[in-house]
Amino acid sequence: MAQPSRPKLDVAVSKPTPYTFDLGLLLANDPNPLSTSVPSDESSSPSSSALEAQLAATARDGAQALINQLLTTLPLSTTTSGVLLTLPSSTTPLPREKPLPATKPPTKWEQFAARKGIKPKTREQRHAKSQKYNEETGAWERTWGYDKGGRKNRREEGMVQQDWLVEVDEKKEREEREAKNKKKRRKA
């Protein structure tokens with residue numbers, strides 16, 4: 001059985017008082033009063049269905065008026081992904097749920113830094129301090145922390161550690177030994 005098709009509704013929407021629009025928020029304000037009174041002599045189910053039908057018709061009129069306004073006032077652009085509308089910025093201010101937080105007073109460090117003219121380091125300054133260029137390998141290596149000096153890569157490649165041989169200053173070594181012996185003698 002074929003269901004009866006619904007009649008097509010008119011695209012133009014006319015109201016006694018025209019809608020106001022905020023296209024940035026996709027908002028259509030209808031200042032016309034909404035009649036929710038339904039005759040009370042009917043039973044409860046028909047009255048609620050009549051009210052539902054009236055609300056649906058009002059919502060449909062509002063959506064149709066908004067779509068008409070969008071298509072007639074905004075520039076259309078066609079791309080490979082479809083037709084696009086560029087929305088303007090919103091004109092209706094929306095209230096915040098909570099008030100703006102109070103500005104926090106500056107900390108002692110921030111006050112000191114402002115007096116002395118100290119500014120935080122930029123990303124490039126931090127990068128320059130934390131890495132240095134190794135001309136032998138031709139790569140930037142960390143100066144501290146994980147993989148300091150590219151040790152991990154050299155270990156994986158089977159290369160010998162750069163500081164595998166350290167010369168010992170005999171004079172300094174002798175002084176340290178004597179200082180250690182002095183401490184032992186004092187304790188005894």
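Modeller: Let me begin with the words for accessibility, since a residue is called buried under 20% relative accessible area, exposed over 50% and partly exposed in between, with a 1.4 Å probe and protein chains only. This is a predicted model, in which local features need pLDDT of at least 70 and side-chain atom pairs count only at pLDDT 80 or more, while totals for chains, interfaces and linings use all residues. Residues are numbered from 1 along each chain as its sequence is written, and side-chain values use heavy atoms, with hydrogens and water left out.

Biologist: Why is arginine 185 called exposed?

Modeller: Arginine 185 has a relative accessible area of 62%, which is over 50%, and therefore it counts as exposed. Its place is in helix H5, where a helix is a DSSP run (H or I) of at least four residues, a strand is a run of E of at least two, and both are numbered from the N terminus.

Biologist: What makes the positive surface patch, and which residues form it?

Modeller: The patch consists of Lys182, Lys183, Arg185, Arg186 and Lys187. Patch members have over 30% relative accessible area and no salt bridge, with like charges joined within 9 Å and nonpolar side chains (Val, Leu, Ile, Met, Phe, Trp, Tyr) within 5 Å. Lys and Arg count as positive, Asp and Glu as negative.

Biologist: Which residues form the negative surface patch, and why is glutamate 173 called partly exposed?

Modeller: Asp169, Glu170, Glu173, Glu175, Glu176 and Glu178 form the negative patch. Glutamate 173, found in helix H5 (residues 170-187), has 36% relative accessibility, a value between 20% and 50%, so it counts as partly exposed.

Biologist: Which residues form the nonpolar patch on the surface?

Modeller: Ile67, Leu71, Leu76, Val83 and Leu85 form it, with about 450 Å² of accessible area together. Helix H1 (44-73) and strand E4 (82-85) are the elements that give two or more residues to this patch. Valine 83 is found in strand E4, and because its relative accessibility of 57% is over 50%, it counts as exposed.

Biologist: How do you know that lysine 15 and aspartate 30 meet in a salt bridge?

Modeller: A salt bridge needs a side-chain nitrogen of Lys or Arg within 4 Å of a carboxyl oxygen of Asp or Glu, and this pair is at 4.0 Å, N to O, so it qualifies. The pair links distant parts of the chain, with lysine 15 in the segment before strand E1 (20-22) and aspartate 30 in the loop between strand E2 (27-29) and H1, 15 residues apart. By this rule the count comes to 2 salt bridges, and arginine 60 with aspartate 61 is one of them, at 3.1 Å, N to O.

Biologist: How many aromatic pairs does the structure hold, and what makes the pair of tyrosine 19 and phenylalanine 21 tilted?

Modeller: The structure holds 3 aromatic pairs. Tyrosine 19 and phenylalanine 21 lie 6.1 Å apart, centre to centre, with 40° between the planes. Rings of Phe, Tyr and Trp (its six-membered ring) pair if their centres lie within 6.5 Å, and planes under 30 degrees apart count as stacked, over 60 as edge-to-face and the rest as tilted, so this pair is tilted. Tyrosine 19 is buried, because its relative accessible area of 12% is under 20%.

Biologist: Why is the pair of tyrosine 133 and tryptophan 140 called edge-to-face?

Modeller: Their centres are 5.5 Å apart and the angle between the planes is 65°, which is over 60 degrees, and therefore the pair is edge-to-face. Tryptophan 140 counts as exposed at 53% relative accessibility, whereas tyrosine 133 counts as partly exposed at 44%.

Key: Areas by Shrake-Rupley, 256 points an atom, 1.4 Å probe, with all protein chains shown as cover. Charge placed at Lys NZ, Arg CZ, Asp CG, Glu CD.
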